[in-house]
Amino acid sequence: MSALAGKTAVITGSSRGVGAATAKLLAEQGANVVINYRQKAPRANKVVTEIEAAGGRAVAVGADLTDAEDVSALMQTALDTFGSLDLLVLNASGGMEADLGEDYAMRLNRDAQVAALTAGLERLSPGGRVVFVTSHQAHFIDQVETMPEYELVARSKRAGETALTERLGEMSEKGVSFVVVSGDMIEGTVTATLLNRARPGALEERREAAGKLYSVEEFAAEVVAMASADVPTGHIELVGGADDFLARTQG
C-alpha cells in the first residue's frame with residue numbers, strides 16, 4: 001500500500017501541465033487531491049473527471065494565489081472535503097505573461113508562495129510535507145546566468161525558494177517537512193513554449209546541454225516520488241541535467 005493512500009494533497013496550479021500530471025499520479029497512489037486553478041474551471045474539472053473515472057477522489061477549487069482569502073479557502077477545502085491536509089505541492093508559477101504587471105512575477109512566485117505556506121501550516125497534519133517545485137534556471141540564478149527573457153521569473157522563483165527555506169524551523173516545530181524539487185526545462189510546458197517563442201532554438205540548445213529534457217509526466221513522477229521520500233527536511237532534489245549548472249557554480 002502506498003504511503004500516500006488516504007492522504008490529502010493540495011496542488012497549486014494543477015489544471016494543466018506538471019500540476020495536473022502530479023495530481024493524477026498522486027490520485028493513482030490513493031491520495032485525495034485538491035486541484036487548483038486560477039481561471040480555467042472547465043480544464044480543472046476535466047482533470048477531476050479523469051481522476052474520478054480512474055477510481056480516485058478529487059475536487060477543483062478556483063483560487064487566485066495572490067489573494068489571501070482565496071488561498072485560505074483553497075487549503076480549508078482539503079479539510080472540509082477530505083478531513084485533512086497532509087501534502088502541499090507548491091507548483092504554480094508564472095511571470096512570463098505580459099498583461100499582469102511587472103511586479104506580478106514577484107507577487108506570484110514569492111509572495112503567494114509564502115502566503116500559501118502560511119495558510120497550509122495552519123492546517124497541515126503533523127508528519128505532513130510541503131514540496132516546492134522550481135527550475136534549475138531559478139534555483140541557480142545567483143551563480144549561473146539565464147536567458148534575459150526568463151531572468152525576472154528566475155529571480156522571483158529563487159526569492160520564493162529562499163523565503164520558504166527561511167521558515168524551515170517553523171515547519172519543523174509543526175512536524176512538517178520541506179523538500180525542493182528543481183527541474184530543467186520541461187518539454188511541453190507553458191514556460192518552455194513561451195521561452196522558445198521569445199528565443200527560437202532555446203529548447204534545442206538546452207536539450208543539447210542537458211543531454212535530455214524531461215517530459216511533463218516524467219517530471220511529475222519525480223515530484224510525486226519526493227512527496228513521500230525518506231529525505232531530511234530542506235532536501236533539494238535536482239531532476240535532470242544539473243551537471244552543467246553545478247560545474248558552473250563550482251567553477
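Reader: What makes His136 count as buried or exposed?

Author: First, the ground rules. This is a predicted model, where local features need pLDDT of at least 70, side-chain atom pairs count only at pLDDT 80 or more, and totals for chains, interfaces and linings use all residues. Residues are numbered from 1 along each chain as its sequence is written, and side-chain values use heavy atoms, with hydrogens and water left out. Now the label. Buried means under 20% relative accessible area, exposed means over 50%, and partly exposed is in between (1.4 Å probe, protein chains only). His136 has a relative accessible area of 0%, so His136 is buried.

Reader: Where does His136 lie, and which residues does His136 touch?

Author: His136 lies in helix α5, residues 136-139. Helices are DSSP runs of H or I with at least four residues; strands are runs of E with at least two, and both are numbered from the N terminus. Contact means heavy atoms within 4.5 Å. Not counting residues up to four places away in sequence, His136 touches Ser182, Gly183, Asp184, Leu238, Val239, Gly240, Gly241, Ala242 and Phe245.

Reader: Why is the pairing of the His136 and Ser182 side chains called a polar contact?

Author: A polar contact is a pair of N or O atoms within 3.5 Å; within protein, one must be able to donate a hydrogen and the other to accept it, and residues adjacent in sequence count only if both atoms are side-chain atoms. The two side chains make such a contact at 2.8 Å.

Reader: What makes Glu161 buried or exposed?

Author: Its relative accessible area is 1%, so Glu161 is buried. Glu161 is found in helix α6. A polar contact of 2.8 Å joins the side chains of Glu161 and His139. Glu161 also touches Phe132, Thr134, Val180 and Ile236, among residues beyond four places away in sequence.

Reader: How do you know whether Arg158 is buried or exposed?

Author: The relative accessible area is 18%, so Arg158 is buried. Arg158 lies in α6, residues 148-165. A polar atom of the Arg158 side chain lies 2.9 Å from the backbone oxygen of His139. Not counting residues up to four places away in sequence, Arg158 touches Ala138, His139, Ile141 and Asp142.

Reader: What about Leu121: buried or exposed?

Author: Leu121 has 4% relative accessibility, so Leu121 counts as buried. Leu121 lies in helix α4, residues 104-121. Among the residues Leu121 touches are Arg167, Met171 and Val176. Leu121 and Val176 are 55 residues apart along the chain, with C-alpha atoms separated by 8.0 Å.

Reader: Why do α1 and α10 get their label?

Author: Their axes come within 8 Å and cross at roughly 55°. The helices α1 and α10 are therefore oblique to each other. Residues in α1 including Gly17, Ala21 and Leu25 meet residues in α10 including Phe219, Ala220 and Val224.

Reader: And what are α3 and α4 to each other?

Author: Helix α3, residues 68-82, packs with α4 at an angle of about 40°, with axes 9 Å apart. They are therefore oblique to each other. Val71, Ser72 and Met75 in α3 meet Ala115, Ala116, Ala119 and Gly120 in α4.

Reader: How many residues does the largest nonpolar core have?

Author: The largest nonpolar core has 36 residues. A nonpolar core is a set of buried Ala, Val, Leu, Ile, Met, Phe, Trp, Tyr and Cys residues joined through side-chain atoms within 4.5 Å. Those with the most contacts inside the largest core are Leu26, Val33, Ile35, Ile51, Leu87, Val181 and Phe219. Elements giving two or more residues to this core include α1, α2, β4 and α10. The largest share, seven residues, comes from α10. Another core, of 29 residues, lies apart from this core, and has Ala78, Ala92, Ala112 and Phe178 among its residues.

Note on methods: Axes are lines fitted to C-alpha atoms, for helices over the stretch in contact, and angles run from 0 to 180 degrees between N-to-C directions. Angles under 35 degrees count as roughly parallel, over 145 as roughly antiparallel, 65 to 115 as roughly perpendicular and the rest as oblique.
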